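Please have the sequence and the structure open beside you as you read.

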Amino acid sequence: MSVRHLLAAATAQFGAFGLATPAAAHVLVQPDPVSAYGLTSGRLWSFVAALLGLIGAVIGGLALARSAGRMGKGNGRRGAIVALVAGLAAAVIGGLVVAAAEGGPSTGYGIVGGYVALVVGLISMVLGGLALARNRRTAAPADRLTG
């Protein structure tokens with residue numbers, strides 16, 4: 001028998017005592033606790049933001065490798081811009097999740113995932129920025145020769 005059923009039974013038996021009824025009513029209207037594996041909206045948004053940041057970090061790493069001339073053709077400019085945009089979106093969504101959270105870890109607000117999204121988004125932006133800077137630096141001497 002759960003605690004709620006016990007309190008409801010105790011309230012019914014001892015309803016004549018005026019002090020027991022408000023306390024039991026308060027316990028009965030409390031929301032169910034969030035399970036450790038339940039998917040809440042905060043957890044969903046933080047997961048989406050972290051995944052977006054991770055994708056941006058991978059694309060930023062590939063763009064950085066391309067701009068260094070280590071991987072095939074291409075200069076990696078498009079990948080660097082995608083990594084910057086994905087990292088910015090992940091950091092903004094992660095920051096919003098952290099700002100909207102009303103509790104700590106394991107409360108269902110997704111605060112841990114929000115912090116992960118912030119960090120991974122910042123890493124994605126750094127990788128994209130490095131790739132873009134390296135792309136501009138390697139493209140500049142070719143422009144001087146043709147111009």
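## Overall picture

Among contacts in the protein (heavy atoms within 4.5 Å) between residues at least 6 apart in sequence, 66% join residues at least 24 apart. This is a predicted model, where local features need pLDDT of at least 70 and side-chain atom pairs count only at pLDDT 80 or more, while totals for chains, interfaces and linings use all residues. Residues are numbered from 1 along each chain as its sequence is written, and side-chain values use heavy atoms, with hydrogens and water left out.

The protein has five helices and zero strands, in the order α-α-α-α-α along the sequence. Helices (H or I, at least four residues) and strands (E, at least two) are DSSP runs, numbered from the N terminus.

How confident is the predictor in the protein? The average pLDDT, the predictor's confidence in each residue from 0 to 100, is 77, and 63% of the residues score at least 70. Confidence is lowest in helix α2 (residues 20–28), with a mean of 50, and highest in helix α4 (residues 77–100), at 92.

Of the 147 residues in the protein, 27% are buried. Here buried means under 20% relative accessible area, exposed over 50%, and partly exposed in between (1.4 Å probe, protein chains only). The accessible surface is about 9,500 Å², with 71% of that belonging to carbon and sulfur atoms. Accessible areas come from the Shrake-Rupley method with a 1.4 Å probe, and for residues only the protein chains shown count as cover.

Which residues form the largest nonpolar core? Ala63, Leu64, Ala80, Ala131 and Leu132 make up this five-residue core. The elements giving two or more residues to it are α3 (41–67) and α5 (111–146). A nonpolar core is a set of buried Ala, Val, Leu, Ile, Met, Phe, Trp, Tyr and Cys residues joined through side-chain atoms within 4.5 Å. Ala80 is in contact with Ala63, Gly128, Ala131 and Leu132, once its neighbours within four places in sequence are set aside.

As background, nonpolar side chains tend to be buried together in soluble globular proteins. Leu62 belongs to helix α3, and Leu62 counts as partly exposed because its relative accessibility is 34%.

## Residues across the helices

Ala49 sits in helix α3 and is buried, since its relative accessible area is 0%. Leaving aside neighbours within four places in sequence, Ala49 is in contact with Ala90, Ile93, Gly94 and Ala117.

Ala57 is also a residue of helix α3, and with a relative accessible area of 15% Ala57 is buried. Beyond its neighbours within four places in sequence, Ala57 is in contact with Ile123, Ser124 and Leu127.

Not counting residues up to four places away in sequence, Leu118 touches Ala91, Gly94, Gly95 and Val98.

Val92 lies in helix α4 and counts as partly exposed, as its relative accessibility is 45%.

The table pairs each of these residues with a partner from elsewhere in the chain.

| Pair | Separation in sequence | C-alpha to C-alpha distance |
|---|---|---|
| Ala49 and Ala86 | 37 residues | 9.0 Å |
| Ala57 and Ala83 | 26 residues | 6.3 Å |
| Val92 and Ala117 | 25 residues | 8.8 Å |
| Leu118 and Ser46 | 72 residues | 9.4 Å |
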